[in-house]
Amino acid sequence: MPRFALKVEYDGGPFAGWQAQADHDSVQGALERALSALDPGFRDGARIAAAGRTDAGVHATGQVAHADLARYWDCFRLAEALNWHLKPAPVAVLTAARVPDDFHARFSAQGRRYLFRLLARRAPATHERGRVWQVGHALDADAMRAGAAHLIGRHDFTTFRSTMCQSASPVKTLDGIEITEHAVPHGIEYRFTLWARSFLHNQVRSIVGTLERVGAGAWPPDRVAQALAAHDRAACGPVCPPQGLYLTGVDYPTDPFG
């Protein structure tokens, strides 16, 4: 059976997350229903795999999934047909590519990139509602960068992972955090870009929630280092809500869409 990689974009707001669930809408479920309408290989309970299992409310602009199909599809026609069958769900297949049988969307990945958008302004978000986390006060970006610097590298991130995390080890290498400021009408949008080979459950949201406390002046930057060294979930700052988080890209030894 030929294997295809799919680059997928979605608004996570209406979904209970990526992973298929019996009683709730999921991104995986929407894609599998679209595939089952097209390909006989998906009419017998076949499944797809993704690079990352995003939580409820989390968005993606560069999720990658793979599927084994019965037909040898033209990649352009496959993406077009899937997008037709995905309507009206806020899910789009940006492109499709034929990949080797040993390609795996999750296990072949060498890196993942996330973006978190934080809007600071008094007036409620309108056009960006559900796509940013909003706070009512400006933040000190330089202080947040100083706090973030303590997290770069290989560490035990127990403090910054969910108690429900299923990873075998809390030790991860965080390759980088970039924090940028962007003027918006009557406010500032802070964008946190994080990249690593892999992340723990809720790691990004825990980090951004903690850095917001630094930016607001409630924490000094070096308290981030103390929280990391505590290896204790109770030492973490607030976990920020999911709607500002986006999976923006996945890196492979060879770009399947290149």
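Where is Pro88 found? Pro88 sits in the loop between helix H2 (75-86) and strand E4 (91-99). Helices here are DSSP runs of H or I with at least four residues, strands are E runs of at least two, and both are numbered from the N terminus. A cis peptide bond joins Lys87 and Pro88, with omega about 0°.

A word on the source. This is a predicted model, where local features need pLDDT of at least 70, side-chain atom pairs count only at pLDDT 80 or more, and totals for chains, interfaces and linings use all residues. Residues are numbered from 1 along each chain as its sequence is written, and side-chain values use heavy atoms, with hydrogens and water left out.

Now helix H4, residues 203-215. Just after H4, Gly217 takes a positive phi of about 90°.

Next, two loop residues. Most residues other than glycine have a negative phi. Asn202 is not a glycine, yet its phi is positive, about 70°. Asn202 lies in the loop between strand E9 (187-196) and H4. Asn202 is buried, at 17% relative accessible area.

His231 also has a positive phi, near 50°. Its place is the loop between helix H5 (222-230) and strand E10 (245-251).

Key
Axes fitted to C-alpha atoms, helices over the stretch in contact; angles between N-to-C directions. Buried < 20%, exposed > 50% of the residue type's maximum accessible area, 1.4 Å probe, protein only.
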